[in-house]
Amino acid sequence: MELFKETASMGHEQILFAQDKKTNLKAIIAVHSTVLGPALGGMRIWHYQNEADALNDVIRLSYGMTLKNAAAGLPLGGGKMVVIGDATKLKSEAFFAACARFINTFNGQYYTAEDVNTTTDDMDTMKRYTNFVVGTSDSSSDPSPYTAKGVLNGIKAAVKTKFGSDSLNGKTVAVQGLGNVGYRLCEHLHQEGAQLLVYDYDAKKIDRVTAEFGAVGVSQSEILTSECDIVAPCALGAVINTDIIDQLKCAIIAGSANNILANSEAGDRLHQKGILYAPDYIINAGGVINCGADIIGNHNEHYVWQKIDDIYNTTM
Ligand code: NAD
């Protein structure tokens with residue numbers, strides 16, 4: 001990997017690596033941009049197959065956070081932290097203290113929050129060792145309900161563009177991933193009268209949305225390629241690649257996962273096929289709007305929900 005060439009082409013300001021032998025911490029923080037303000041982006045723990053994958057992920061995710069925060073109209077830049085390893089084995093008070101020491105080296109130019117495999121409880125633990133953490137239980141807390149509502153607004157804008165009305169009544173939505181965001185998105189979609197096709201690795205999560213929202217479970221191989229109006233990827237990124245595009249039978253792709261498109265060629269191919277893609281970094285900004293309000297000192301529910309409503313217009 002030609003590291004400096006790649007990061008220069010994307011415009012990253014800083015990438016730092018930290019290791020703490022005692023707690024097995026191996027982490028990377030990438031600050032893509034502080035042009036609009038201090039960088040904000042969550043902390044992800046993932047069992048990357050190799051270090052190059054982790055580096056690639058943090059480079060792409062931090063760039064996406066710059067776009068996300070700017071598109072949401074926040075005075076914040078973009079950054080991200082990834083930790084290499086198994087979250088179930090790594091987590092301890094000493095581990096989060098080491099994470100916090102690493103974050104402190106940025107002296108307020110990088111703020112962290114929860115992301116894949118980190119929780120509000122984890123943010124509470126880190127808060128004992130750093131001021132540069134948001135999404136703690138005494139502040140903005142769990143971002144997922146805000147993200148889910150923003151994704152719903154983005155889906156409605158895409159539906160309006162494609163079908164002329166933003167009603168979801170009778171539309172079929174295939175939701176991949178029924179975690180914190182996916183579950184709540186299903187709840188909103190059900191309330192709006194949509195039919196749901198769902199899949200998650202965890203069968204219990206499928207059973208729950210089937211029982212609560214009348215969803216129909218489909219197989220892993222069918223969730224993205226079923227006949228439906230909207231595919232909503234809410235698990236991990238890069239699921240829409242050039243191999244799968246010929247098999248898609250939807251009109252719209254709009255979900256919460258970051259970096260849904262594997263590469264820009266996938267975007268071009270979707271466009272050629274007439275499938276509308278609602279950019280992830282616009283429609284999944286609800287969580288960061290809520291957490292970001294803590295940093296900019298403007299935490300009131302009215303401001304946050306207004307900005308989440310704005311996601312509809314920004315998507316349009
Ligand atoms: P989560 O960990 O709570 O849920 C993810 C779910 O996806 C889990 O239930 C997991 O079993 C399932 N899953 C993983 N791989 C899968 C696959 N290939 N097929 C089907 N299911 C699979 O995460 P979350 O907080 O709900 O976030 C979901 C996505 O949205 C992530 O990509 C995250 O980065 C993104 N996102 C989340 C927020 C937020 O506020 N939580 C904000 C912005 C973006």
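## Strands β11 and β12

Strand β11, residues 252-253, runs parallel to β12, and two bridges connect them. Within this pair, Ile 253 sits opposite Tyr 277 of β12. Please keep in mind as you read on that this is a predicted model.

## The sheet they belong to

Zooming out, the six strands of an open sheet follow the order β9-β8-β7-β10-β11-β12, and their pairing is parallel. At the edges are β9 (216-217) and β12 (276-277), each of which pairs on one side only.

## Around the ligand

There are 22 residues around the ligand, and those that come nearest are Thr 147, Val 181, Asp 200, Lys 205 and Ala 235. Sorted by class, the shell holds nine polar, eight nonpolar and five charged residues. Two helices, α6 (144-163) and α7 (180-191), each contribute at least two residues to this shell.

## Polar contacts and burial

Which groups of the protein face the ligand's oxygen and nitrogen atoms? Thr 147 places a polar side-chain atom 2.6 Å from a ligand oxygen. Val 181 takes part through its backbone, with an N or O atom 2.8 Å from an oxygen atom of the ligand. For Ser 144, an N or O atom of the side chain is 3.4 Å from a ligand nitrogen. As for burial, the ligand taken alone exposes 840 Å², and the protein buries 82% of that area.

Conventions:
Residues are numbered from 1 along each chain as its sequence is written. This is a predicted model: local features need pLDDT of at least 70, side-chain atom pairs count only at pLDDT 80 or more; totals for chains, interfaces and linings use all residues. Side-chain values use heavy atoms; hydrogens and water are left out. A residue is near a molecule or strand if one of its heavy atoms lies within 4 Å of it. A polar contact is a pair of N or O atoms within 3.5 Å; within protein, one must be able to donate a hydrogen and the other to accept it, and residues adjacent in sequence count only if both atoms are side-chain atoms. Accessible areas come from the Shrake-Rupley method with a 1.4 Å probe; for residues, only the protein chains shown count as cover. Helices (H or I, at least four residues) and strands (E, at least two) are DSSP runs, numbered from the N terminus. Ala, Val, Leu, Ile, Met, Phe, Trp, Tyr, Cys and Pro count as nonpolar, Asp, Glu, Lys and Arg as charged, and the others, Gly among them, as polar. Two strands pair if DSSP finds at least two bridges between them.
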